[in-house]
Structure formats: C-alpha cells, structure tokens
Amino acid sequence: MSESKMNRGLKNRHLQLISLGGVIGSGYFLGTGYVLEKAGPASILAYLLGGIIVLCVMLCLAELAVEKPVSGSFVTYARENISSTWACGVGWAYWITWVAYVPSEMIAAGIIMNHFLPMVSQLWWAVLFSLLVTCINLFHVDKFGESESWLALIKIIALVAFSVVAGLICFGLIGDQGYIGTSVLLGSGGFAPNGYWSIVLTMVIILVNFQGTEIIGLAAGECREPARSIPIAVRNVTWRIIALYIIPISLLISILPWDQASLSESVFAAAVNQYGFTGFGAFFAFVILTAAISCSNSGLYGAARALHALAKLDMAPKGLGRLNANGMPSRSILVSVCACWAVILLYAFNPDSVIYTYLLAVSGFTGAIAWISICWSQYRRRRRHIAEGTVNQLRYKTPFFPYVTLFGIWSQVFCLIVMVFTPELRDALLAGVPMLVLPMLWYRFRVRHHETPVRVLR
C-alpha cells in the first residue's frame, strides 16, 4: 500500500487537536446528563476507567503507527496482523459509525441555530453546516488541520473556563451560596446512590464519548514526522482527555445535584445558571454549536480515510482510493458526505425513524470493535517481533506489554458482554453486529468465488 502521494501536511499540534475534536462533541456537553442520572457522583470513576482504557488503546496504536505510518491505520493493521476478512468488517463498520454519527452532530447544530433563528428550519442549518464541513475536508490537509485546531481550542477554553467558574462557586468565592464543599456532591444519596454496578452500565456510553481518539492513527499517513509526532500526540491527547473530562465533571457534580441532571439541556449550562450566571450559560450554546461542527469535521475526516484505506486494500471500489491534485482522497470524502446527507434526509422525512435510531446506536458497538482491533493487532504484531527477535528494531514500544494490551482488549469485551444483558443497551449490539458481520461475509464470498484468496501474514 503506497502512501507516497498523501499530503503530509499535518503538524504535531494538528494531530493532538484533531483527535480532541473527535472526542469532545456536542454529545459530551448535552449527553453527560445521562451518565450523571444513571451513576450519580460515581460517574467520576466511570470516566476515569474510560480514560484508562483510552490510554491503553492509544499506546497500542502508537506502536503500530510509528512502525508503519499509513493513512489506513487500524484497517491496514488488522489486515496484516489478524485477517483480511476481519479488516473488511471493522473498516466498513467504522465507516458506518461516522456516517451515522456526523449527521447527528449536524442535526444538533441545526437545533441550536433554529433556537436562535426559528424562521430557518433546523434541516437547512444541518445542510449548511454539512456543506461547510465538506469544503473544509476538501482543502489541503494542513488547512483542515488548522481549522480543526481552532474549533477544538474553543471547546478546550470553554471547559477550562467552566472549571475555573465551578471551582470558585464550590469554594464560595463567587455567588451568594457560600462555601459548598462536598454538600452537593454527597448530598443526594452519597457517592454511589444507584450502586457501583451503575458504573459498569454507563461504560458503553462513556466509551462512545471517548471515540475519536483513534483518528490519530488515520492521520498518520499525512503527518510530517510520524516517528516523533505520534508518540507525543498520543501521550498528550490521552492525558488531556482525562483532564478535560475528569476535572470538569468532578466540579460539575460538586455544584449541580446529580438528580437534577437531564438530557433536556446542557448540564454545564444548567449548573452555572442556577447560581445566576445566565450569560455564561448562554455562552455554552455557542460552544455546543462549535463542538458539533468540530466533531463532524474530524468524524468526516476519519470516515473518508477509512473508506480510502478499504479501497486501497481492494475491499471497496478502487476508484475511491484515488487522490486529487492536493493529495486528498476527494472521492472517498464525497461518498462519505453523500452518505451523511442521505441520513440527514432520512431524519428530515421521518424524525422518529427506527432506522436512524439504529444507525446512531451502532457507534457504541462498532467503536469498541475498532479499539479492540487496534489492541489485538498490536498484540499479534509484537508477538511476531518477539518470535523473530526483532523487538529492538521498534522505534516505539507499548510499555508494560502484554498487560496494557490485554487490559485494553478484555475491558472492552466485558463492556460488550454487559450490553447483551442490559435491555436498554441491547439494541445497540443487535444493530451493530450486522454492520460488522455482513461486510465480512460479503468479502469471504467475493474472495472464494471471484478471486484468489489474499494471503494473510500469520
């Protein structure tokens, strides 16, 4: 697989902020209420555990991406280290995940703009933002990286500002409530009002919030100095994600009773509004809009690169593997955009569509499968290096192998098992399995009846 024509215009700064852009979406600002409602203050532990899983996955990805920095990322790694059939299933499932998720962010942005300008339909806002994201993705990759950097910075600044304001409220330095301490945090049933099992039940939702970090791997083929930039980006992004989730949410629960959290509005805005800071709460509407556009921007980037990788590996139409004069996979981008628009139109004609709900639900399952595939590929690749005595040739090694890798795999397998026995999460599993299995069956049929089977390295 040749990546010589890919435009390597992404800087280390771009890599870090692109990954953050995919993680801190509108779902974080709007959907945190669901996690708080289920787990209460114990959601802090749930997010911490999610951060540890992210760290394990990213360390595995760093080893693979430094050794072979290609735009195909985990699709290519799965083909070389697991099997071509598995790579096909994971690649298409991952693409479908973003095709379903990007429209949800566009629709969220449309709802926000419709609130400010009700005379314009939320559908037209969604289409407008989709066009904007399409144009950004078709530019030179360095222009994409720069735009995503600024969008991500807005979200980071908002979370830092919230942490400062919430901390001042908690210590009674601003507002009329006085010193709060732990009275709000532990005032409604203690630290785990719904039991510690609620932490496990919310893990799938939390992992959905963390999805997007793997875009670092997809961007490896367009990074200027992958051997230096990727390990730095992985370490920094991982710890920044933990900081941008754990600290703000800990302070959020310290000023907002968990049983007042809901999905009707951003819990961050609700928290500061009840202390009289309504202007700051209104600011979060703009932040959520920025988050939606940013997440769609990086999500479309990830979808297009995954589709490009599938085409280069002969698992999708070969024409989708071509690059334009700017070194961009423009055909893969346009196909991904058209698929996103189709989902938006599906929502427009039937807002309560079961199909749309199921497409959105697969993100939890298929995202976990992609992460498991990254760890699995690294495990088998490292074992091969050990058997051949070539471990010392690796420029970056995942620390504490194999414990970090195995924890990354089995913790997510456990979360998927929990989905089977949780009625409200079972639909996501039932919707996601066909997205993984059907492309695998199609690929096996195609290889067996039309082509010579692809030899897989073992």
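Colleague: How many cavities of 30 Å³ or more does the structure hold?

Modeller: The structure holds four of them. Keep in mind that this is a predicted model. Take the second largest cavity, with about 50 Å³ of space.

Colleague: Let me move to Ser296. Where is Ser296 found?

Modeller: Ser296 is found in helix H12, which covers residues 278–312.

Colleague: Is Ser296 buried or exposed?

Modeller: Buried means under 20% relative accessible area. Ser296 has 0%, so it is buried.

Colleague: What is Ser296 in contact with, leaving aside its neighbours within four places in sequence?

Modeller: Its contacts are Val102, Glu105, Met106 and Val133. Now go back to the cavity: Val102, Met106 and Val133 are among its lining residues.

Colleague: Now the whole fold. What does the secondary structure come to?

Modeller: The count is 16 helices and zero strands. Of the 458 residues, 61% are buried. Among contacts with a separation of 6 or more, 82% join residues 24 or more positions apart.

Colleague: And the outside? How much accessible surface does the protein have?

Modeller: About 18100 Å², and carbon and sulfur atoms hold 67% of that.

Colleague: Which residues form the nonpolar patch on the surface?

Modeller: A patch residue needs over 30% relative accessible area. Here the members are Leu45, Leu48, Leu49, Ile52, Tyr196 and Phe407.

Colleague: Which helix gives the most to the nonpolar patch?

Modeller: Helix H3, residues 43–67, with four residues. Leu49 lies in H3. At 33% relative accessible area, Leu49 is partly exposed.

Colleague: Salt bridges next. How many does a search of the whole structure find?

Modeller: The search finds four. For each pair, check the N to O distance, then the sequence separation, then the burial. Start with Arg382 and Glu63, whose closest N and O atoms are 2.7 Å apart. Arg382 sits in helix H14 (residues 354–388) and Glu63 in helix H3, so to speak distant parts of the chain, 319 residues apart.

Colleague: Are Arg382 and Glu63 buried or exposed?

Modeller: Arg382 is buried, at 7% relative accessible area. Glu63 is buried too, at 2%.

Colleague: How far apart are the closest N and O atoms of Glu67 and Arg381?

Modeller: They are 3.2 Å apart, and the pair forms a salt bridge. Glu67 lies in H3 and Arg381 in H14, so this pair ties together parts 314 residues apart in sequence. Glu67 counts as partly exposed, at 31% relative accessibility.

Colleague: Which residue forms a salt bridge with Lys68?

Modeller: Glu80 does, with closest N and O atoms 2.2 Å apart. Glu80 lies in helix H4 (residues 74–81) and Lys68 in the loop between H3 and H4, so the parts tied together are 12 residues apart in sequence. Glu80 is buried, with a relative accessible area of 15%. Lys68 is partly exposed, at 28%.

Colleague: Backbone geometry now. Is the peptide bond from Phe401 to Pro402 cis or trans?

Modeller: Read omega. The bond is cis, with omega near 5°. Pro402 lies in the loop between H14 and H15.

Colleague: What phi does Phe400 have?

Modeller: Phe400 has a positive phi of about 55°, although it is not a glycine. Phe400 is placed in the loop between H14 and H15. At 66% relative accessibility, Phe400 counts as exposed.

Colleague: And what phi does Asp314 have?

Modeller: A positive one, about 65°, and Asp314 is not a glycine. Its place is the loop between H12 and H13. Asp314 counts as partly exposed, at 22% relative accessibility.

Colleague: One last residue. Where is Trp410 placed?

Modeller: In helix H15, residues 403–420. Trp410 counts as exposed, at 56% relative accessibility. Its C-alpha atom is separated by 8.3 Å from that of Ile372, 38 residues apart along the chain.

Terms used: Residues are numbered from 1 along each chain as its sequence is written. This is a predicted model: local features need pLDDT of at least 70, side-chain atom pairs count only at pLDDT 80 or more; totals for chains, interfaces and linings use all residues. Side-chain values use heavy atoms; hydrogens and water are left out. Patches are made of residues with over 30% relative accessible area and no salt bridge: like charges are joined within 9 Å, nonpolar side chains (Val, Leu, Ile, Met, Phe, Trp, Tyr) within 5 Å. Accessible areas come from the Shrake-Rupley method with a 1.4 Å probe; for residues, only the protein chains shown count as cover. A salt bridge is a side-chain nitrogen of Lys or Arg within 4 Å of a carboxyl oxygen of Asp or Glu. Helices (H or I, at least four residues) and strands (E, at least two) are DSSP runs, numbered from the N terminus. Buried means under 20% relative accessible area, exposed over 50%, partly exposed in between (1.4 Å probe, protein chains only). Contact means heavy atoms within 4.5 Å. On a 1 Å grid over the protein atoms alone, a cavity is a set of points where a 1.4 Å probe fits but cannot get out, and a pocket is an open set with protein on both sides within 12 Å along at least five of seven lines; lining residues have an atom within 4 Å of a point. Grid points are joined across faces, edges and corners, and a volume is the space filled by probe spheres set on the points.
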